Amino acid sequence: MQLYKPDTRIPTVIEALIDEFENLIVIKDGELITNTTGEDRLIITTKAPRAFLKDHFTSDKPVISANQESHTGALHLEVAEGIRLTAPINIVYIHEKKDLVQNTTLTLKKGAFATLNEYLYSESEGTINYLFQARLEQAASLEYSGIVNLDEDTLSTVNRLFKLDATSNVSVKTAQLGNGKTYQDTDIDLVGVHAYGEVKTVALSSGNQEVIINSRINHKARQTEGLIDHYGVANDESFMAFEGTGKIEKGMAKSIAHQHNKGVILGETARLDANPLLLIDEFDVDASHGAAIGKIDEEQLYYLMSRGLSEKDAQRLIINGFLLPLESLMQNEKMKDHINALLEAKTR
Amino acid sequence: MATLKIENLHARVEGQEILKGVNLEIEGGKTHAIMGPNGTGKSTLASVIMGHPRFEVTAGTITLDGEDILEMSTDERARAGVFLAMQAPLEVPGVTNSDFIKTAINARMKEGESVSLFKFIREFDDAVGKLKMREDLPHRYLNDGFSGGEKKRNEILQMRMLKPKIAILDEIDSGLDIDALKIVGENVTDMKNDDLGLLLITHYQRLLDYISADIVHVMMQGRIVKTGGTELMKKIDQHGYDWIKEELGIEDERVIPEEKEDIILGTCATKEALE
């Protein structure tokens with residue numbers, strides 16, 4: 001009889017990318033196959049803490065509650081009170097089997113600080129239900145980035161939920177760079193005074209792909225601040241939608257909610273919708289939202305071409321300039337080349 | 001030595017004819033100036049030479065050393081050696097000046113070759129110094145947040161880097177204060193050589209104090225109506241354009257009507273619309 005051994009092969013694309021990462025966790029089809037974190041101030045378990053979920057993250061969304069009920073992979077990280085982890089933690093999820101239900105949770109205790117970079121990768125077909133839940137206690141601070149790069153034969157829901165106590169803050173940077181049909185939800189609950197949350201998302205769609213980006217910041221305490229930035233490029237015949245919501249509940253005075261949506265429609269028959277929403281039940285707030293979606297500016301193209309740049313080169317420079325927010329996800333030269341290659345392929 | 005030859009050029013925009021038979025020949029080593037009041041088609045001529053997509057050529061030819069450039073796309077014209085310093089240079093956020101110019105220079109090189117980084121940086125820094133621009137210019141985004149004067153100087157900087165055969169400066173003096181005009185003038189004069197053909201487009205004779213012109217043309221009604229030397233320039237400076245109109249029997253020199261005033265929506269709009 002053979003002992004069960006998890007399949008630890010890593011796709012070459014990822015292998016080339018991660019060899020410089022310190023503090024690396026690799027999870028393949030829900031199994032933890034690499035952990036080089038070696039940080040004793042960081043607690044890692046491969047079990048989702050049930051009570052934690054029940055107390056803090058109840059959702060009426062079936063895809064979330066189903067994930068919370070039963071998942072094929074779980075990972076829990078915890079940073080203890082007052083601990084500041086300066087080195088980033090890198091987590092790579094590799095999907096290979098048919099279905100993946102991944103549940104990742106993070107607790108930052110009072111005053112803790114951490115940087116977490118996640119990468120969700122697949123080169124085979126299947127459905128993926130990915131759920132990330134982070135709870136930030138008072139004065140905790142999190143720098144989060146999440147890249148999604150999934151195969152065109154995948155259907156994925158990527159839900160990221162953040163719950164913030166007083167004076168804590170989170171910066172969420174996400175990038176949708178894959179080819180699969182993707183629904184991405186980011187929800188930030190600001191439950192304590194002076195909590196701050198920002199979502200910056202870059203999404204690319206190509207072929208006949210469908211990408212729905214949903215970002216929501218709920219102001220459930222006074223003097224909270226939320227910022228949503230969406231950047232998108234829709235190529236070929238793809239469809240993309242930005243649904244951004246800033247919700248300020250009654251009594252949550254002096255709160256600030258801002259939202260920007262910027263999109264470039266590259267494909268002849270591509271579509272990009274932006275539906276910015278502000279739901280405000282309080283007078284004393286500072287709020288704004290805006291959307292600018294359109295084709296590449298003809299005058300800008302002409303200007304660059306009048307200096308001898310081919311239309312293709314001119315278009316590339318303009319698109320790359322538009323997608324500058326991606327730079328914050330390029331931690332090193334390898335990551336930079338990798339992201340630029342994906343960008344090139346998606347906006348060609 | 002390059003020659004840009006324009007013959008009987010007619011062009012229109014949105015169905016309206018603006019250029020009505022322009023004839024002009026610019027040869028390397030010579031500086032031409034086109035003067036004339038507003039709305040007579042001067043800038044349209046510049047845009048048509050560069051191949052702006054909004055303009056449609058209905059008759060005539062433009063050749064560069066015998067080659068028909070009307071058959072070329074805008075970028076091909078640029079690579080063939082034509083340069084246009086624009087009246088209102090565009091802002092392109094996210095694209096750095098250095099990336100932009102590097103790409104433009106590489107586009108002029110053979111397939112697979114690219115400019116030496118060392119040489120490029122040295123030339124760029126040199127140009128920045130000569131135009132007295134901010135040292136961080138290479139890393140700033142193309143014209144993004146630039147003042148009017150900075151934008152104009154950046155056009156001249158690009159000209160320095162790209163070394164065209166034929167350069168058209170479309171109202172390079174507008175929006176420039178006297179110090180900036182002096183810098184631009186010195187740089188353009190410095191670039192003059194036996195191969196470079198220059199075409200200056202301006203309202204005012206002031207620019208020609210800083211960049212001397214060999215031949216002066218006056219444009220009215222979408223064509224060149226008068227050509228001369230410095231004596232013509234001086235006469236315009238002293239007497240304006242009315243004497244030319246009188247001499248040629250021109251009543252309205254414009255081809256582009258003055259902007260119609262929009263009716264502002266509000267209480268009076270209905271009244272104005274009814275009238």
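Where chain A and chain B meet in this predicted model, 19 residues of chain A and 21 residues of chain B take part in the contact. On the chain A side, the elements giving two or more residues are α4 (298–305) and α5 (311–322). Helix α4(A) brings the largest share, 7 residues. If you sort that side of chain A by class, you get 9 nonpolar, 5 polar and 5 charged residues.

Now step back and look at how chain A is divided. The domain assignment gives domain 1 (12–296) and domain 2 (297–348). The C-alpha centres of these two domains of chain A lie 25 Å apart. The domains touch each other too: 20 residues of domain 1 of chain A are in contact with 22 residues of domain 2 of chain A. Which elements of chain A each supply at least two residues of the domain 1 side? They are α1 (12–18), β9 (141–149), β11 (169–176), β13 (196–205) and β15 (225–234). By class, this side of domain 1 has 12 nonpolar, 5 polar and 3 charged residues.

Next come the sheets of chain A. One is an open sheet of 10 strands, in the order β2-β1-β5-β7-β9-β11-β13-β15-β17-β19, with mixed pairing. Its edge strands are β2 (31–35) and β19 (285–294), each pairing on one side only. Direction ignored, neighbouring strands here are turned by 10 degrees against each other on average.

Another open sheet of chain A has 9 strands, in the order β3-β4-β6-β8-β10-β12-β14-β16-β18, and the pairing is mixed. This one has β3 (42–45) and β18 (271–280) as its edge strands, and each of them pairs on one side only. Its neighbouring strands are turned by 10 degrees against each other on average, again with direction ignored.

| Strand pair | Sense | Bridges |
|---|---|---|
| β7 (113–122) and β9 of chain A | parallel | 9 bridges |
| β14 (210–219) and β16 (239–248) of chain A | parallel | 10 bridges |

You can follow these pairs down to single residues. A:T115 has A:E143 in β9(A) as its bridge partner. Likewise, the bridge partner of A:V211 is A:M240 in β16(A).

Methods: Residues numbered from 1 in each chain as written. Chains lettered and ligands numbered in written order. Predicted model: local features only at pLDDT ≥ 70, side-chain atom pairs only at ≥ 80, totals over all residues. Contact = placed C-beta atoms within 7 Å. Helix = DSSP H or I, 4+ residues; strand = E, 2+ residues; numbered from the N terminus. Nonpolar A, V, L, I, M, F, W, Y, C, P; charged D, E, K, R; others polar. Pairing = 2+ DSSP bridges. Axes fitted to C-alpha atoms, helices over the stretch in contact; angles between N-to-C directions. Domains from an automatic or database assignment.
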